[in-house]
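Dear colleague,

Please find below the structure I am handing over to you, followed by an account of what was found in it.

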Amino acid sequence: MGAITMKEVGIGTRYFDTRLETMPRERLAALQLARLNATLAHAYANAPAYRARLDAAGVGAEGLAELGDVARLPFTVKADLRDHYPFGMFACGVSELARLHASSGTTGKPTVVGYTRGDLDNWADLMARSLFAAGARPGDIVHNAYGYGLFTGGLGAHAGAERLGAVVVPVSGGSTERQVALIVDFGARVLCATPSYALAIAEVAEQQGVDLRKSKLAVGLFGAEPWSEAMRGAVEARLGLKAIDIYGLSEIMGPGVACECECQSGLHGWEDHFLFEVIDPETGAPLPEGRAGELVITTLTKQALPMLRYRTRDITRITTEPCACGRTHLRILRVTGRNDDMLIVRGVNVYPSQVEAVLVGRPRIAPHYQLVVERRGALDHVTIDVEAAPGVPEDDFPDIARDVAHHVKSLVGITVDVCLRRPGEIPRSQGKAVRVRDLRPKAT
Ligand SMILES: [Zn+2]
């Protein structure tokens with residue numbers, strides 16, 4: 001696949017892989033079914049943890065007659081990976097692996113994921129496809145500020161940029177002053193980072209008197225944390241680039257599971273490698289297209305660690321309406337938030353990104369915030385710590401706080417306390433931003 005793909009990349013080409021990205025949906029569905037059944041047979045034969053589940057579901061190795069039958073399969077959840085730590089869910093021997101990644105668990109063991117050479121090859125292809133869809137081209141300088149290491153962001157974006165034929169600057173997170181200098185001096189056209197870290201880079205540049213809007217930056221691929229349209233506007237205005245949302249998770253692959261095209265109207269989920277469903281998070285029942293629910297993903301080509309109906313905890317909607325770019329793959333509308341991050345404040349369900357949408361872009365405050373959640377009696381109580389914009393007099397803080405609380409109440413529907421902070425007081429992230437400080441007692 002690699003050789004054909006690379007030949008198609010060139011001046012005037014609209015896609016990284018024209019045949020696969022514009023495949024008619026009926027053919028895409030046929031390809032998905034064939035690959036799904038191959039995945040089931042592989043998991044059944046080589047992953048004992050899955051074999052027992054498939055037998056219990058009455059599926060066995062013979063496969064499914066149609067894609068909708070996937071609903072007969074049991075879900076896989078993050079706890080399954082922890083329970084089978086480190087390699088118990090794998091469908092190949094350790095010697096067949098080419099790489100391991102892991103995510104730090106906040107409780108207990110980390111989640112370990114593995115890749116064969118072929119898996120890494122597919123990942124690089126999909127990440128290159130994502131970069132191309134976002135507007136990156138061979139020969140571009142790609143400044144990769146995603147963290148390198150066990151986290152999949154850095155190495156995932158790195159391999160994709162190389163596969164695209166771009167020039168990778170593997171800077172990772174941190175040393176923000178140096179990041180600004182390298183972006184300017186090397187002439188980076190593409191920036192890969194978390195959206196919150198992109199904003200931190202913009203802020204440090206402004207403090208140094210560097211106007212990144214005048215740099216060569218033209219495209220940013222931002223992901224690994226939920227972010228709002230308001231944040232997109234702020235990042236685009238301050239960095240002078242087109243901000244593209246990219247989605248992925250290590251349990252499925254890493255970055256590049258889905259990515260926006262230049263139309264910025266939802267993330268194309270790469271359906272030749274993944275089967276996407278949206279379910280009711282309470283009942284587990286599949287939801288029709290367009291309804292909001294939890295995103296569930298089945299891998300169709302992964303060898304080392306196939307995932308059958310993995311519950312992502314991410315809340316979103318999908319659409320198969322044609323996109324103006326001509327790609328036929330469905331679009332995942334921007335992720336609202338994670339089920340795990342959802343707060344229940346006096347009976348109202350709230351995602352931090354909904355609060356962000358109210359905060360970012362408001363006059364007299366800066367787009368740096370944290371939600372502090374405490375338990376008062378049986379109810380969650382939220383205080384929003386948000387920074388004043390530079391130069392705003394402290395005498396104005398009470399008035400600004402009242403204004404923010406009023407807008408959160410009217411637009412999100414929850415009553416919050418607002419605490420205005422001086423510029424620079426909210427910690428800046430170098431990777432995934434900490435948007436919620438949860439002071440509630442932990443369940444034991
Ligand atoms: Zn598109």
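**Findings**

Ser 175 has a relative accessibility of 45% and therefore counts as partly exposed; here buried means under 20% relative accessible area, exposed means over 50%, and partly exposed lies in between, with a 1.4 Å probe and protein chains only. Ser 175 is located in the loop between β4 (167-169) and α8 (176-186); helices (H or I, at least four residues) and strands (E, at least two) are DSSP runs, numbered from the N terminus. Its phi is near 45°, a positive value in a residue other than glycine.

Some notes on the source are in order. This is a predicted model, in which local features need pLDDT of at least 70 and side-chain atom pairs count only at pLDDT 80 or more, while totals for chains, interfaces and linings use all residues. Residues are numbered from 1 along each chain as its sequence is written, and side-chain values use heavy atoms, with hydrogens and water left out.

**The zinc site**

The zinc ion is coordinated at 2.1 to 2.3 Å by Cys 261 (SG), His 268 (NE2), Cys 323 (SG) and Cys 325 (SG). Donors are N, O and S atoms within 2.8 Å of the metal (3.2 Å for Na, K and Ca); water is not among the atoms, so sites may look incomplete. Along the chain, the donors follow the spacing C-x6-H-x54-C-x1-C. Why is the arrangement of the four donor atoms tetrahedral? The angles that they subtend are 102 to 114°, which makes it so; four donors count as tetrahedral if all angles lie between 85 and 135 degrees. For four tetrahedral donors, the ideal angle at a metal is 109.5 degrees. Cys 261 and His 268 are both buried.

**Strands and hairpins**

Strand β8 (residues 254-260) is largely enclosed by the rest of the structure, because seven of its seven residues are buried. β8 pairs with strand β7 (residues 242-249) in the antiparallel sense over four bridges; two strands pair if DSSP finds at least two bridges between them. Within this pairing, Pro 255 in β8 is the bridge partner of Gly 248. The two strands β7 and β8 form a hairpin with four residues between them.

β8 also pairs with strand β9 (residues 267-269), again in the antiparallel sense, over three bridges. Glu 260 stands opposite Leu 267 in β9. The hairpin of β8 and β9 has six residues between the strands, and in it Gln 264 takes a positive phi near 55°. Gln 264 counts as partly exposed, at 23% relative accessibility.

An open sheet is formed by four strands in the order β10-β11-β12-β15, with antiparallel pairing. At its edges stand β10 (274-279) and β15 (337-338), each with a single partner strand, so one side of each is left without a neighbour in the sheet. β10 is joined by six bridges to strand β11 (residues 293-299), the two running antiparallel. Phe 276 stands opposite Ile 297 in β11.

**Helix α11**

Helix α11 (residues 352-359) is largely enclosed by the rest of the structure, because six of its eight residues are buried. Among them are Pro 352, Val 355 and Leu 359.

**Salt bridges**

How many salt bridges does the structure hold? The structure holds 33 salt bridges, a salt bridge being a side-chain nitrogen of Lys or Arg within 4 Å of a carboxyl oxygen of Asp or Glu. One of them joins the side chains of Arg 327 and Glu 21 (2.7 Å, N to O). This pair links distant parts of the chain, with Arg 327 in the loop between β13 (318-319) and β14 (331-332) and Glu 21 in helix α2 (residues 18-21), 306 residues apart. Arg 327 and Glu 21 are buried.

Another salt bridge is formed by Arg 421 with Asp 385, their closest N and O atoms being 3.2 Å apart. Here Arg 421 lies in strand β20 (residues 417-421) and Asp 385 in strand β19 (residues 379-388), 36 residues apart. Arg 421 is partly exposed at 29% relative accessibility, whereas Asp 385 is buried, with a relative accessible area of 5%. Salt bridges that share partners also join Glu 229, Arg 232, Asp 245, Glu 260 and Arg 334 into one network.

With kind regards

Notes: Tetrahedral: all angles 85-135°; square planar, octahedral: opposite > 155°, others 65-115°.
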